[in-house]
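Biologist: Please take one part of this model and walk me through it closely. I would like to see how it sits in the chain as a whole.

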Amino acid sequence: MSGQDRREAEVRRLLDGPRPAVPAEVVARAAARGARMVRRRRVVRAVAWAALFLAVVAFGVWAAMAEPWHPPASGTAPPLWGGD
């Protein structure tokens, strides 16, 4: 019997045997922890969406005020009359 077959047979023997009892408080703690994780993910997701929304609004306000699509004004003006 090779090492792989021996390990596989040992795992099968462990899985087919009796399983230990799980204390009741472990289940309650695991459920509470899962509920906290779900709440935390929900809050983080809501904050991320709010931050994205605020960033889009801030960019829109900046773009409306600065009008970056217009070329900048030149620093010098041409002469008003003949240029002599």
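Modeller: Helices here are DSSP runs of H or I with at least four residues, numbered from the N terminus. The model is a predicted one. Its chain has 2 helices and 0 strands.

Let us look at helix 2. Helix 2 covers residues 24–66, which is 43 residues. From first C-alpha to last it reaches 63 Å. That is close to the 63 Å expected at 1.5 Å a residue. Just after helix 2, Glu 67 takes a positive phi of about 45°.

Now the rings. The structure holds 1 aromatic pair. Its partners are Phe 59 and Trp 62, with 5.7 Å from centre to centre. Their planes are 40° apart, so the pair counts as tilted, between the cut-offs of 30 and 60 degrees. Why can these two residues pair? Phe 59 and Trp 62 are 3 residues apart in helix 2, so about one helical turn separates them. An α-helix has 3.6 residues a turn, so residues three or four places apart point the same way.

Trp 62 is partly exposed, at 46%.

The whole chain gives the setting. Buried residues make up 1% of its 84 residues. Its radius of gyration is 34 Å, whereas a compact globule of 84 residues would have one near 12 Å. The C-alpha atoms fill a box of roughly 105 × 40 × 10 Å along the principal axes. The accessible surface is about 8200 Å², and 66% of it belongs to carbon and sulfur atoms.

Methods. Residues are numbered from 1 along each chain as its sequence is written. This is a predicted model: local features need pLDDT of at least 70, side-chain atom pairs count only at pLDDT 80 or more; totals for chains, interfaces and linings use all residues. Side-chain values use heavy atoms; hydrogens and water are left out. The expected span of a helix is 1.5 Å times one less than its number of residues. Rings of Phe, Tyr and Trp (its six-membered ring) pair if their centres lie within 6.5 Å; planes under 30 degrees apart count as stacked, over 60 as edge-to-face and the rest as tilted. Buried means under 20% relative accessible area, exposed over 50%, partly exposed in between (1.4 Å probe, protein chains only). The radius of gyration is taken over C-alpha atoms; the globule rule is 2.2 Å times the number of residues to the power 0.38. Accessible areas come from the Shrake-Rupley method with a 1.4 Å probe; for residues, only the protein chains shown count as cover.
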